[in-house]
Amino acid sequence: MVKRLSALAMVACLLLLTGCLPAPGTGISGLALAPKTEGGMTETVQSNFHLNGTAYVATLSVNGLPMEGSLARLDASTGWRFQIQGKQTEEAELAGVPLKRTWEISLDLAKTGLTVDPNGIYRGKASISLHYDMEPFDKAVFEIAKDLRGNGTDFDYTKIKGWFSHDEYAPSKLDQRWESEDFPLYIGGLGEAGASVVKTLGHTLSYLPQERNLHLSHKLFYDMPQNGETYIYTMQADESEEAALLRLYQYKGKAKKSLSAKPVEQFDLSEALNALDNTYILLAISAK
């Protein structure tokens, strides 16, 4: 019996020397045991270890307006998920009229696979919508046409009288949407060597399929009863020309006026209709 115990002791010593058994003061797993205070109480040891890898904070800025999101590995089997969702309103201009437009962006992309590496190609749903508040524009159209055509070009606006001068219109619309159910986005530069990355996304997002909803329909009456004249104009949108077109639609009076199919004024809408191409979009990702 004594010989057997001696043999077991020698084996234990050999295992301890080779590192197969934990050193004194350590737990069975090899992790350091929590130290004890003078009163014998055990202190709690905190750990910053993330089982699923590093989590990241993502910020998408549209012309400096931030929208918050995240990049995280949900668990060991489902890979990484990149999400951004936000809504921001900014000042804009249309045909010289100050107004506001609202961006709404949603990105929900994923990278599958059993990897702790956050870098790679993410795919999923991406949508961007842009809405213009057209009320200030609708209110300004009557004065715009009056100033441009009533300065002596067609008539003298100082002679406008009577209740018949007005603007008949349906509320204007200018909305755009870019959307894809399978949008690819490459994210790189993250990991041990770099805890953050910044990249511009305007050009990349411009490849999203685009839908437009553009509607302008104004009928403008300028009545000068003392002269026996009335000028009636229309302002409508031409999406192919990316412009708002002002035409002399009808003239009532003694003078001879040519009602040409060509517009008398044209207002460029190309910047508004291609807003995504003309917008500075910045993506910043950093470790939490």
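Predicted model: local features only at pLDDT ≥ 70, side-chain atom pairs only at ≥ 80, totals over all residues.
Which side chain does Thr59 join in a polar contact? I looked it up: Glu68, at 3.0 Å between the side chains. (A polar contact is a pair of N or O atoms within 3.5 Å; within protein, one must be able to donate a hydrogen and the other to accept it, and residues adjacent in sequence count only if both atoms are side-chain atoms.)

Residues are numbered from 1 along each chain as its sequence is written, and side-chain values use heavy atoms, with hydrogens and water left out.

Thr59 sits in strand 1, residues 56-62. (Strands are DSSP runs of E, at least two residues, and helices runs of H or I, at least four, numbered from the N terminus.) Leaving out residues up to four places away in sequence, I find Thr59 touching Pro66, Met67, Glu68, Ile84, Leu282, Leu283 and Ala284; contact means heavy atoms within 4.5 Å.

I went through the pairs. Strand 6 meets strand 10 (residues 217-224) over four bridges, and Glu168 stands opposite Lys219. Strands 11 and 12 share nine bridges, with Ala237 partnering Ala244. They make a hairpin with four residues between them, and Glu242 in the turn has a positive phi of about 50°. Strands 12 and 13 have four bridges; Ala243 partners Asp268 there.

Notes: Pairing = 2+ DSSP bridges.
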